[in-house]
Amino acid sequence: LKTKIPLKLHSYPTIQILNPHTISQKQQLFFFVNLLYSILTLKLISLYPRHQNQYLARTKTMKNLSLLVLLLFCLNATSQNLVVNNTGVNSDPINLATNVLSGGGLVVYNVTSSGLNDQQIGYYSSGTAAIGSASGIAISTGNVLDAGLSNTSAALGPNLGASGATDADILQLTGASPASDWYILEFDFIPQGNQISMKYDFASEESQDYVCSNQADGFAVLISGPGFAGTFSSGGERISLVPSSTNPVGINSINNGVTGTFGTPGGCLGTGASPYYNANTDSLMEFNGYTDLLTLNASVECEQVYHMRILLFDRGSKNYDSGIFLAERSFTSNGTGVYDNPIYQDSVVVEGCAPYNFSIYNVAGFSNDVINLSITGTATNGVDYNTIANPMVLPVGEDYFLLQINPINDGIAEGTEY
């Protein structure tokens with residue numbers, strides 16, 4: 001722009017370059033408008049220099065306003081409350097277990113539940129800031145919709161009226177003391193690999209007042225099937241454990257380290273504040289405290305049937321609710337990887353389990369195509385897995401070819417090979 005007066009660059013509007021991938025569309029639009037306003041101001045100054053102070057004052061006001069709006073947008077973007085929906089399929093345990101929780105490398109079926117589906121289970125979203133996982137299944141000992149409220153009450157939660165739990169596993173977990181407002185989600189599953197994992201949070205209104213109490217609410221994930229011989233039903237074992245510990249996840253194992261009003265000194269599993277505990281200071285959900293996003297793991301046998309039970313129940317006060325959040329698509333097995341252009345998912349194949357499938361397509365059909373393979377790694381072709389021809393010839397006229405890598409179950413402990 002041409003000007004009729006000497007320019008003092010520091011006195012004129014400045015433009016900050018922002019990464020468009022880190023700001024919202026609303027922010028981008030606002031800064032675009034602000035940019036146009038700044039350009040217009042410079043043009044007016046060049047045409048009417050006598051009024052430059054007036055124009056610059058208006059630009060400064062515009063700049064301050066833009067900073068205020070940016071701050072509000074940032075606060076809104078990082079302070080999203082947890083959202084819970086339990087209408088329609090969002091309260092259907094079958095849909096939630098098979099289509100939300102189940103990730104890959106396993107099959108989930110025979111889903112059943114015990115509790116009030118229309119009140120205690122639902123689908124949560126916008127959970128990253130509140131609990132560390134974006135979406136998944138929410139289960140509560142009260143009305144699950146309350147989990148999405150701001151934390152304005154230390155004991156908000158309805159008494160659902162369910163008391164005197166008779167489930168054998170709950171009675172074992174409580175030592176036969178009364179439990180109420182319970183919910184049980186259970187299902188069978190068949191893993192394709194030899195390991196399973198699932199991510200979850202445990203949260204509670206009792207995470208302060210009931211620390212070190214024998215009446216604290218309870219939670220457990222149990223697994224039964226080949227290789228398990230625990231004391232719960234059907235030989236089930238508890239696999240929801242504090243990381244690097246044999247202690248079960250709960251209020252008495254993950255907390256702030258301070259004995260609660262209804263607790264007893266020495267009533268906790270361990271001493272001091274747990275590194276996996278978080279106080280709900282942001283009030284992005286209802287519960288007073290919650291765990292980190294934890295991962296449970298278990299060794300299994302591929303292609304065998306297992307049963308999982310997820311239990312949650314009230315003890316002591318029915319008005320101090322607890323909840324669990326099962327991260328979406330986080331229940332997985334290390335079964336097989338799949339190469340199916342254009343998506344590649346690297347994974348693990350296990351001896352005696354499902355093979356690795358590498359699919360090759362050509363919609364126009366192959367024409368005696370020859371592919372020379374570069375086979376490297378510590379696993380030996382034809383010894384550790386089935387023999388793969390090299391070079392590989394794709395059949396004429398076909399539009400699909402399946403290359404299968406199937407580890408040979410030799411019974412030798414060889415560790416991980418690649």
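Me: Quick one: are Cys302 and Cys353 buried or exposed?
Reply: Cys302 is buried, and Cys353 is buried too. Keep in mind that this is a predicted model.

Me: What do Cys302 and Cys353 form?
Reply: They form a disulfide. Their sulfur atoms lie 1.8 Å apart.

Me: Which parts of the chain does that pair link?
Reply: Distant ones. Cys302 sits in the loop between β11 (294-299) and β12 (306-314). Cys353 sits in the loop between β16 (343-345) and β17 (356-361). The two cysteines are 51 residues apart.

Me: OK, stepping back. How many disulfides does the structure hold?
Reply: Two. Cys212 and Cys268 also form a disulfide, with 2.0 Å between their sulfur atoms.

Me: Where are Cys212 and Cys268 in the chain?
Reply: Cys212 is in the loop between β6 (195-204) and β7 (218-224). Cys268 is in the loop between β8 (237-238) and β9 (277-279). This pair links distant parts of the chain as well, 56 residues apart.

Me: Why is the disulfide of Cys212 and Cys268 called left-handed?
Reply: Because the torsion about its S-S bond is about -110°.

Me: Buried or exposed, Cys212 and Cys268?
Reply: Both are buried.

Me: Last thing. What is the pairing if I number the bonded cysteines in sequence order?
Reply: The pairing is 1-2, 3-4.

Key
Residues numbered from 1 in each chain as written. Predicted model: local features only at pLDDT ≥ 70, side-chain atom pairs only at ≥ 80, totals over all residues. Heavy atoms only, no water. Disulfide = S-S within 2.5 Å. Helix = DSSP H or I, 4+ residues; strand = E, 2+ residues; numbered from the N terminus. Buried < 20%, exposed > 50% of the residue type's maximum accessible area, 1.4 Å probe, protein only.
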